[in-house]
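Dear colleague,

I am handing over the structure that you will find just below. Please look through it first, and then read the notes that come after it.

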Amino acid sequence: TLRWVGPEGEELEQLPLDPEAFCAWSVSGNATGGLVYGHFGRPQDLSELRARGVSARGHVMLLRLGRGSPAQQVQAAAGAGAVGVLLYPDPRDTAGPGGDPALGEDTAVTVHV
C-alpha cells in the first residue's frame with residue numbers, strides 16, 4: 001500500500017499497489033518520505049528543483065517515464081538523495097491515433113531498473 005502523508009504527518013490517502021508490478025531488482029524494504037515531482041529526472045530537471053529550493057533528499061521522487069532510460073532516471077534520483085522512485089507513464093507521452101491515450105486502465109508498464 002502506498003500512503004500519501006500530509007505536511008503534518010496526517011494520512012491523506014492509501015493506494016493499493018499491485019504486487020505483480022514489483023521490480024525484483026529493487027532493494028527490499030520500505031521507502032518513507034515526502035513526495036517530490038521531478039519531471040523526467042534529467043539533470044536539468046534536478047537543477048531546476050535545486051534552483052527553486054526543493055531537495056529530493058529523504059523523499060520519494062515521482063518521475064515521468066521517458067527522456068532517458070528508467071535506470072538513468074532512478075540513478076539520478078538516488079544521486080539527488082531520494083529514498084525511492086515512482087515511475088509513471090504520462091498519457092500525453094503515449095498518445096495513440098487521434099490523440100487518445102494509448103494505455104488503457106488494464107495496461108501494465110514493465111521496465112527493468
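This is a predicted model: local features need pLDDT of at least 70, side-chain atom pairs count only at pLDDT 80 or more; totals for chains, interfaces and linings use all residues.

Residues are numbered from 1 along each chain as its sequence is written, and side-chain values use heavy atoms, with hydrogens and water left out.

The chain has two helices and five strands, in the order β-β-β-α-β-α-β from the N terminus; helices (H or I, at least four residues) and strands (E, at least two) are DSSP runs, numbered from the N terminus. Of its 113 residues, 21% count as buried, where buried means under 20% relative accessible area, exposed over 50% and partly exposed in between (1.4 Å probe, protein chains only).

In helix α1, residues 43-51, the buried residues are D45, L46 and L49. Seen down the helix axis they fall within an arc of 95°, so they line one face of α1, the arc being that of the directions from the axis to the C-beta atoms. These buried residues pack against β3 (35-37), β4 (60-64) and α2, whereas P43, R50 and A51, on the other side of α1, are exposed.

Within helix α2, residues 70-79, lies Q73, which is buried with a relative accessible area of 3%. Beyond its neighbours within four places in sequence, Q73 is in contact (heavy atoms within 4.5 Å) with residues including F40, L63 and L87.

Best regards
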